[in-house]
4 protein chains.
Amino acid sequence: MAKVAVLYYSKTGNTEKMAQAVKQGGENSDSQAHLARIEDFNPEDLPEYEGIIIGSPTYYGLLAGPVKDFLDRSIKVHGQLKNKIGAAFSSCATTGGGVESTILSILETMMVHGMLVKGFSDRGHYGPISVEEPDKRALKECRQLGEDIGNLVRNNY
Amino acid sequence: MAKVAVLYYSKTGNTEKMAQAVKQGGENSDSQAHLARIEDFNPEDLPEYEGIIIGSPTYYGLLAGPVKDFLDRSIKVHGQLKNKIGAAFSSCATTGGGVESTILSILETMMVHGMLVKGFSDRGHYGPISVEEPDKRALKECRQLGEDIGNLVRNNY
Amino acid sequence: MAKVAVLYYSKTGNTEKMAQAVKQGGENSDSQAHLARIEDFNPEDLPEYEGIIIGSPTYYGLLAGPVKDFLDRSIKVHGQLKNKIGAAFSSCATTGGGVESTILSILETMMVHGMLVKGFSDRGHYGPISVEEPDKRALKECRQLGEDIGNLVRNNY
Amino acid sequence: MAKVAVLYYSKTGNTEKMAQAVKQGGENSDSQAHLARIEDFNPEDLPEYEGIIIGSPTYYGLLAGPVKDFLDRSIKVHGQLKNKIGAAFSSCATTGGGVESTILSILETMMVHGMLVKGFSDRGHYGPISVEEPDKRALKECRQLGEDIGNLVRNNY
């Protein structure tokens, strides 16, 4: 069974709520979704997953420091994530607050790993976003994300 | 008197409403704001302005084709826009719809011109954004943009 | 047989040389690579291809105007490119001349189409780049790109 | 006398050599350039400087984790860096290795601080880049950067 890692960092709980919805959506797919705080996850375990979804609050228009630290340490498995499916989501504090650039920053790190990065034609294009507490739309997009990536990796592997 | 060009492209009228609010804000500054559709503006006139503000709808996560065409033609004044102040704004059709990456795409072209590009600490960080018709917050941020850039170029020159 | 479209815009011939190398690499895969100038390609034909690779010279840190115009017109097939594989390459005039941001701008448009965008762990991470005339390294990376995407779409479909 | 902070993170010494050249260039301006490892600099001292230049190695296409950590901690002076001049530089390990996106990631954080971010029309457009050890061109662009920002802040204040 294909596996998807849903990794997140959260201080206020907003990104965590989004991560839980992504995990929920993953349960509606034929893959197995694994939810973890990024601090509790060993980057050396990443190669076991066919899909990797990372959520971060928007800190200064980019992924939070601890998420970058995690990705820097993922260098230990550099070359082993090639062609895996990647996606990202983020919550921010204000409209136009750097939430898209945060998602894109995560996706760029995934591209450096040689991954395939997923966009969306019918919703938030780079991944689900939320301004402060995730509303119904944000949570729906998170569930869709988990389900879509879960189905995508199942079909690919 | 310092001059600021407020240039925009608009099909639905949403970006136009934002542009008009930017122009309005510029009138509250000590500079002179000049509003024009980008199709009606000659890129060779850009060096006459101390500030350049460009608005575009979000088309595929980037500035609209006609705006890029305008900027490509601005090569005729390459080197003459050094240290001028630049800013941008955008309207898009859906939440997370590429509106930040659209603004950033405009700002990147301005950086290639050697300009100084303005961010904002207390509102939409890369510039005003709107989802569909600009609401009160969006219009307020547009007026602030016009006023702030107008005051900035007056003090700089 | 899976098909990959290699579309490019070129004035000086540098991006064209890269495109030809991408096409060459595609011939070493089990897919069929189709090379075309972007001006000669109908965006409504995009859904026939499993992979889409787009090359553009770097104009003001972004894709060239005619490439953006093409992508704006691709709205006619919006929703039909979901999960197709996308990649990009670019040539620029000067070191640090906006060539990465050009590739990223193309990849962002592909994400808005819901595509899967490919990064690389062992070479230019976002896609092949060239400063002026493509050298041996650039041409090799272009051939690898054609071959890798060709093999990827064959395995996916 | 206007002051410019030149802050950098470096493991291999490549970014450090660039930072030293930036500092050298700053000495040819009428401002005072202050060079420091980012680990040794208190983000709460940032408001004392009229210009802020940050250098980072390219780690996964973005600023290094410790640089992001520094910028996250700069939230303590949020709102106090408005209209200061910002610039960035980076060294990476491979051609097309994410060095432009690294510089842009730093500049995006500066925009969130409300700063004015500087581009360049006649060299590496977003800031000086180096692939591995900085060569003559890279070092020259670093010296130019220090001198240009030094002169810019002197004239602005």
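Why does P57(A) count as buried? The answer lies in its surroundings, because P57(A) has 23 C-beta neighbours inside 10 Å, and a residue is called buried if 20 or more other C-beta atoms lie within 10 Å of its own, exposed if 12 or fewer, and partly exposed in between, with C-beta atoms placed from the backbone. This is a predicted model, in which local features need pLDDT of at least 70 and side-chain atom pairs count only at pLDDT 80 or more, while totals for chains, interfaces and linings use all residues. Residues are numbered from 1 along each chain as its sequence is written, and chains are lettered from A and ligands numbered from 1 in the order in which they are written.

P57(A) belongs to strand β3 (residues 51-57) of chain A, where strands (E, at least two residues) and helices (H or I, at least four residues) are DSSP runs numbered from the N terminus. Leaving aside residues up to four places away in sequence, P57(A) touches Y9(A), S10(A), K11(A), N14(A), T15(A), A64(A), S90(A) and S91(A), a contact being two residues whose C-beta atoms, placed from the backbone, lie within 7 Å.

Seven of the seven residues of β3(C) (residues 51-57) are buried, so the strand is largely enclosed by the rest of the structure. In a regular strand the side chains alternate between the two faces of the sheet. In β3(C), G51(C), I53(C), G55(C) and P57(C) point one way, while I52(C), I54(C) and S56(C) point the other way.

Two strands of chain C pair with β3(C), pairing meaning that DSSP finds at least two bridges between the strands. Strand β1(C) (residues 3-8) runs parallel to β3(C) over five bridges, with V6(C) opposite I53(C). Strand β4(C) (residues 85-92) is also parallel to β3(C) and is joined to it by seven bridges, and here P57(C) stands opposite S91(C). Together with helix α2(C) (residues 65-73), β3(C) and β4(C) make a right-handed β-α-β unit; right-handed means that, with the strands pointing away from the viewer, the path from the first strand over the helix to the second runs clockwise.

The chains can also be compared with one another.

Strand β5(A) (residues 116-118) and β5(C) pair in the antiparallel sense over three bridges, and V117(A) stands opposite V117(C).
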